[in-house]
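Please keep the sequence and the structure in view while working through the numbered points.

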Amino acid sequence: MKRAPFPEDLTPLRNHLLELLPILEPQNGWYGSIYFERKASKSFSANLKQTQMTDHVSSGAVFRIYDGYTLYEEATDELEFESLKVFANRFVKRVQGQARPTDLAAKPYHPPKWNDRLNTSLESEITNQLPKSIDAKTPVHFGIRFEKDPRRLSAADCFQSLKGAVEKCKQLAPQEGMELSDLSYVAARQTFSIEESIFVDRETNLSQTLFRLMLAVTTMSGSDRTFFRFGGLGGLEAIHYSDSDVHTLLKNLKALKSAKRLEPGKYRVLFGPALTGVLAHEAFGHSQEGDTCARGRSKAWDLHKTGESVGNEHATILNNPAIFQNGDTNYAAWGSYFFDEEGWLANEQILLEKGKLRAPMTNLTSAIRLGVPRTANGKRESWTNGVYTRQTNTYFSAGNKTLEELMSELGNGFLALHAAGGMEDPKGMGIQVGIAYLHEVKNGKLTGQVLKGPAGGDIQMTGYTPDVLNSIVAKSKIEYQSNKQDSAKHPFNDVGGCGKYHKEFVYAGCGGPYLLLDQVILG
């Protein structure tokens with residue numbers, strides 16, 4: 001296995017950022033930091049009629065000052081040293097010109113030293129990349145592991161692979177009882193980005209390089225649609241698929257053509273990992289974001305303080321940016337990184353434990369404001385956007401059942417494998433989980449019948465979050481096909497994204513085990 005290197009062309013900039021840091025701390029009690037990012041992304045697509053490619057590169061630096069009362073930041077893409085120096089001095093003058101509150105006590109921030117950082121439980125993928133001797137100025141680089149180097153793939157290679165996926169769908173369609181004329185749309189899309197970042201403050205000098213890949217194949221027959229999607233951080237191994245995946249795609253598309261419509265009601269349903277992840281993300285992901293709590297926009301903060309139960313013993317939800325082996329795969333989960341955009345090292349956090357809410361995810365300011373521990377959840381859409389507390393990989397903990405055992409326990413009900421979005425009300429605790437379609441199960445066996453929503457579209461699972469979390473009956477193991485003890489440490493997390501305040505899109509993984517629920521509302 002190889003690792004993504006630190007780009008040599010950024011070494012002068014990294015040194016310049018360290019030289020500029022003292023400018024940001026001209027007064028006692030001030031805390032300055034600088035975050036730099038460069039993202040180079042390429043997107044390739046092919047369908048039955050055409051191919052397309054887009055290429056985008058963006059880079060910039062964010063300068064920040066916290067004066068004990070307010071966090072100020074400004075960003076620039078003028079990265080020459082003299083320009084940065086002028087920018088930093090102008091930024092400091094602006095902050096100095098701001099009036100300080102007279103009715104509030106300052107809450108100064110002291111960044112942790114390396115001894116403090118290492119006095120926590122960190123994943124070996126982080127600790128194994130640390131130099132033996134570290135001080136505040138030591139450059140520490142984290143590179144994602146990979147097997148098959150995605151940088152060697154040419155545009156021609158990508159188009160050939162994607163056109164091959166489209167042809168594979170056409171080739172296998174007759175084997176699933178479909179005519180070629182039934183395939184009104186077939187498309188394959190692949191993305192690859194190199195994400196490089198640097199974070200420096202008076203105690204740390206960090207950098208990381210991530211390779212992010214995603215492959216999606218979509219088939220349509222009229223208005224019916226099926227898709228599969230693979231992706232993660234690593235090499236080309238993260239987007240591997242097989243003929244079996246294409247067969248399943250086409251089999252489901254054919255079944256949708258004769259699908260029944262679901263009658264709204266309460267049902268017993270078995271969620272697959274993707275749906276389990278959406279439930280975790282919406283239930284106590286958003287409502288456990290520290291800045292949402294600090295603004296009084298989440299009921300979860302009140303329930304955490306009172307200790308009131310909001311789920312049963314199966315309701316354990318985690319958030320973790322440090323999943324460097326996604327389930328039993330050999331690549332990292334989609335929402336992972338080594339440190340967040342405020343320089344905090346990635347670590348696992350329990351958000352909900354057996355129905356009891358724990359402390360929320362935080363960024364720097366929400367941790368200070370709420371008086372709770374800092375976590376690695378300071379994220380921004382890009383260097384041009386503000387930082388918020390955001391989810392990374394959010395998932396339910398694993399159980400002890402095999403999939404076969406859960407299907408038997410399901411008895412008569414539905415298997416839900418295909419997510420179609422979701423939403424939540426952090427204040428009122430209402431929840432909605434979108435399901436593209438359901439597979440009917442009778443006596444623990446799939447009947448082959450597929451069901452659409454009452455109006456012929458997606459199905460929605462709705463309800464009051466504590467009611468839904470109290471309806472969990474059982475959970476599968478991570479390696480749900482085996483009776484043996486799990487060898488994987490973390491459940492699989494699917495590729496996903498997350499918005500905040502109707503904007504601010506970031507990468508987010510969501511997943512978990514198979515999850516059996518009873519008497520949930522589907523309509």
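**Note on cavities, cores and a pocket**

1. The largest cavity is lined by E282, A283, F284, S287, E424, D425, P426, M429, G430 and T465. The structure discussed here is a predicted model. The volume of this largest cavity is about 40 Å³. Helix 7 provides the largest share of its lining, 3 residues. Sorted by class, the lining of the largest cavity consists of 4 nonpolar, 3 polar and 3 charged residues.

2. S287, one of the residues lining the largest cavity, deserves a separate look. S287 sits in the loop between helix 7 (273-284) and helix 8 (290-294). Is S287 buried or exposed? S287 has a relative accessible area of 3%, which is under the 20% limit, and therefore counts as buried. A polar atom of the S287 side chain lies 3.3 Å from the backbone oxygen of A283, and A283 also belongs to the lining of the largest cavity. Leaving out residues up to four places away in sequence, S287 touches C293, S298, A300 and P426.

3. The count of cavities of 30 Å³ or more comes to 2. The second largest cavity has a volume of about 30 Å³. Its lining is formed by M1, I144, R145, F324, N330, Y331 and A332. By class, the residues lining the second largest cavity are 5 nonpolar, 1 polar and 1 charged.

4. The next topic is the nonpolar interior. In soluble globular proteins, nonpolar side chains tend to be buried together. The largest nonpolar core in this model contains 54 residues, and F142, I144 and F338 have the most contacts inside it. At least two residues of this core come from each of strand 2 (31-47), strand 3 (51-66), strand 5 (140-143), helix 5 (155-172), strand 7 (185-201), strand 8 (205-221), strand 9 (224-233) and helix 6 (243-257). Helix 5 gives the most to the core, with 7 residues. I144 is also part of the lining of the second largest cavity.

5. Which residues does F338 touch, apart from those up to four places away in sequence? They are E125, I126, Q129, F142, G143, I144, Q208, L210, F324, W344, L345 and A346.

6. A second, separate core has 37 residues, including V269, F284, L438 and L522. F284 is also found in the lining of the largest cavity. L522 belongs to strand 29 (residues 515-522), and L522 is buried, with a relative accessible area of 0%. The residues that L522 touches, not counting those up to four places away in sequence, are L262, P264, G265, Y267, V269, F414, I435, L438, I459, Q460 and M461. L522 and P264 are 258 residues apart along the chain, yet their C-alpha atoms are separated by 5.7 Å.

7. F91 is a further buried residue, with a relative accessible area of 0%. F91 lies in helix 2 (residues 81-96). Apart from neighbours within four places in sequence, F91 is in contact with L24, F63, R64, I65, Y72, E73 and E74. F91 and P108 are 17 residues apart along the chain, and a distance of 20 Å separates their C-alpha atoms.

8. T138 is placed in the loop between helix 4 (124-127) and strand 5. With a relative accessible area of 15%, T138 is buried. A polar atom of its side chain is 2.9 Å from the backbone nitrogen of D135. Once residues up to four places away in sequence are set aside, T138 touches P131, S133 and N205.

9. The second largest pocket has a volume of about 740 Å³. Its lining comprises 35 residues, of which K39, E195, R212, E381 and Y507 lie nearest the centre. Two or more lining residues come from each of strand 2, strand 3, strand 7, strand 8 and strand 27 (503-507). Which of these elements gives the most to the lining of the pocket? Strand 7 does, with 7 residues. The lining of this pocket divides into 11 nonpolar, 12 polar and 12 charged residues.

How values were computed:
Residues numbered from 1 in each chain as written. Predicted model: local features only at pLDDT ≥ 70, side-chain atom pairs only at ≥ 80, totals over all residues. Heavy atoms only, no water. Core = buried A, V, L, I, M, F, W, Y, C linked by side-chain atoms within 4.5 Å. Buried < 20%, exposed > 50% of the residue type's maximum accessible area, 1.4 Å probe, protein only. Helix = DSSP H or I, 4+ residues; strand = E, 2+ residues; numbered from the N terminus. Contact = heavy atoms within 4.5 Å. Polar contact = N/O pair within 3.5 Å; in protein donor to acceptor, adjacent residues only side chain to side chain. 1 Å grid on protein atoms, 1.4 Å probe; cavity = no way out; pocket = protein on both sides within 12 Å on 5 of 7 lines; lining within 4 Å. Points joined across faces, edges and corners; volume = space filled by probe spheres on them. Nonpolar A, V, L, I, M, F, W, Y, C, P; charged D, E, K, R; others polar.
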